[in-house]
Amino acid sequence: MLARKMAALLLKTTATVPQDALTTASLATAAALLVQEQLVSFPTETVYGLGASALSASATEAIYHAKGRPSDNPLIVHISSLAMLHSLLPGGAAAVPPIYHPLITQFWPGPLSLIFPLSPDQHLPAPERTLAPAVTAGLPSVAIRMPQHPLALALIQLSNLPLAAPSANLSSRPSPTTAEHVQFDLGEGRGVAAILDGGECTVGVESTVVDFVQGKEGEEGSLRVLRVGGVSAEEIEACVVRAGFLTSRGEDGRSRIQVYQRDFKSSELEAKPTTPGMKYKHYAPTNSRVVLVRPVAAPSSSTSSANHLPPSLLDLITPFLLPSPPAPVPHRVGLMFTSETLATLFPSWTPTDSGSPLPSPSPSTLSLLPYPLGSASRPSEAAQRLFAGLRHFDQLPTGDGEEARGSEGVGVDLILVECLEEEDGGVGVAVMERARKAAGGSRELEFLRGPVG
Ligand code: TXA
Ligand code: MG
């Protein structure tokens with residue numbers, strides 16, 4: 001029975017690694033460094049990871065040190081095969097909860113992390129390979145995922161090591177989606193031996209973290225999404241239901257999958273770092289304030305009342321730039337908006353204009369800088385660009401033609417991020433979850449969608 005189930009676990013095929021000499025040599029060097037218990041940053045389809053052998057106590061401890069990560073925030077283990085997964089679990093293949101089988105088949109390799117129990121059970125055979133204590137930060141469970149990026153898979157295969165890898169940013173900063181972001185945060189003096197450059201990450205937000213909650217005797221148990229990410233809760237639900245799990249809907253007609261914050265909250269969970277991004281500050285720029293905004297259409301003239309009109313974009317921005325000294329000072333505001341909104345606000349704007357300042361009618365000391373999040377109808381584009389946009393504005397050099405003060409830049413005064421549609425589920429939910437954290441949970445503000453000026 002079990003053998004038949006496991007045989008059904010066929011994984012998707014992925015793109016192959018380029019065979020050029022540079023890639024081959026870089027992979028070999030990176031794998032050798034990992035075997036020597038060094039830290040190597042590598043690309044995944046979600047974000048760049050800071051990798052180390054998950055079997056090495058010293059290497060996994062060094063990850064926390066390099067990132068400035070609190071020691072109670074556990075790491076995700078990256079694997080390249082089901083055999084590697086089974087080698088890490090007490091009880092091996094039999095320890096994979098059956099409800100995970102369809103998820104593994106559909107989403108691995110890919111942006112889904114699954115939580116597996118590790119608690120020692122006298123009746124189960126010990127795992128073939130023992131995870132270093134720092135990986136789980138003392139928890140009786142481990143988060144595991146099989147990444148889809150060909151370089152990540154090749155690196156795990158070549159080193160023959162499960163790789164513990166958090167996102168390769170300094171703790172609390174936006175996650176890195178290019179090798180340059182990693183270099184900026186961790187390049188100097190942090191003990192990172194190498195960065196494997198695989199270009200831009202295609203997904204751009206981190207993996208979805210899913211936990212199976214065992215039911216009481218005779219009950220089916222349930223799935224909880226602890227962090228929304230590259231795979232949506234709707235996709236997860238559809239997948240398990242199709243496979244015959246969780247087919248009975250709750251009496252209130254609610255989703256069968258519980259999503260953290262949407263369907264449940266727990267102060268106990270929030271006190272622990274096991275609900276990713278809850279206990280600790282996340283995704284925060286250093287130099288610039290982030291505010292979430294929602295463009296709204298003017299009400300039709302029959303219902304309109306001047307008292308209820310939201311402010312224009314410029315009126316929304318102005319209070320954030322006060323108080324200013326008697327002499328006007330230049331201000332810069334980053335606009336992380338969808339292409340549709342940019343085109344409505346600035347009719348002469350086209351997507352090819354990307355980074356150049358927008359015409360700013362008045363005051364002339366205000367520069368509006370666009371960072372298009374792609375089309376509102378394709379939130380995967382916003383997912384890919386969110387962290388890069390926050391980093392871009394936060395590190396912007398001074399605007400007066402002078403050299404930037406140090407490599408850090410001075411940032412802009414304010415970054416406005418447009419709220420995406422979340423009703424339909426999908427990756428827009430994950431983007432907004434990150435954007436809200438970057439904004440420190442501050443209120444979302446409406447402004448009137450219409451030409452500026
Ligand atoms: O896409 C990703 O997941 C990226 C790439 C590099 O794979 N990694 C990533 O790692 O985002 P990190 O450390 O930034 O976030 C992992 C989250 C942590 O916030 C942690 O709380 C949660 O996963 N986690 C790890 N082990 C867990 C466990 N045993 N139970 C519950 N949550 C766990
Ligand atoms: Mg992270």
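Helices (H or I, at least four residues) and strands (E, at least two) in these legends are DSSP runs, numbered from the N terminus. The model is predicted, so to speak of local features we need pLDDT of at least 70, side-chain atom pairs count only at pLDDT 80 or more, and totals for chains, interfaces and linings use all residues. Residues are numbered from 1 along each chain as its sequence is written, and side-chain values use heavy atoms, with hydrogens and water left out.

**View 1. Helix 14 in the lining of the second largest pocket.** Helix 14 gives the most to this lining, with 6 residues. A pocket here is an open set of points on a 1 Å grid over the protein atoms alone, with protein on both sides within 12 Å along at least five of seven lines, and lining residues have an atom within 4 Å of a point. Of the 24 lining residues, Val228, Tyr260, Arg262, Glu422 and Val429 lie nearest the centre. Strand 9 (222-227) and helix 9 (233-242) join helix 14 as the elements that give two or more residues. The space comes to about 480 Å³, a volume being the space filled by probe spheres set on the points, which are joined across faces, edges and corners.

**View 2. Helix 13 against helix 14.** Here the axes of helix 13 (residues 379-394) and helix 14 (residues 427-438) come within 8 Å and cross at roughly 20 degrees. Axes are lines fitted to C-alpha atoms, for helices over the stretch in contact, and angles run from 0 to 180 degrees between N-to-C directions. Helix 13 is therefore roughly parallel to helix 14, a term for angles under 35 degrees, while those over 145 are roughly antiparallel, 65 to 115 roughly perpendicular and the rest oblique. Look for Leu386, Phe387 and Leu390 of helix 13 and Val431 and Ala435 of helix 14, which are among the residues in contact (heavy atoms within 4.5 Å).

**View 3. Helix 5 packed on helix 9.** Helix 5 (residues 100-107) and helix 9 pack at an angle of about 120 degrees, their axes 9 Å apart. That makes helix 5 oblique to helix 9. Pro102, Leu103, Gln106 and Phe107 of helix 5 meet Glu235, Ile236, Cys239, Val240 and Arg242 of helix 9.

**View 4. The largest cavity.** A cavity is a set of grid points where a 1.4 Å probe fits but cannot get out. About 50 Å³ of space lies in this one. Helix 13 gives the largest share of its lining, 3 residues. Arg173, Asp185, Leu390 and Asp394 are among the lining residues.

Key. Chains lettered and ligands numbered in written order.
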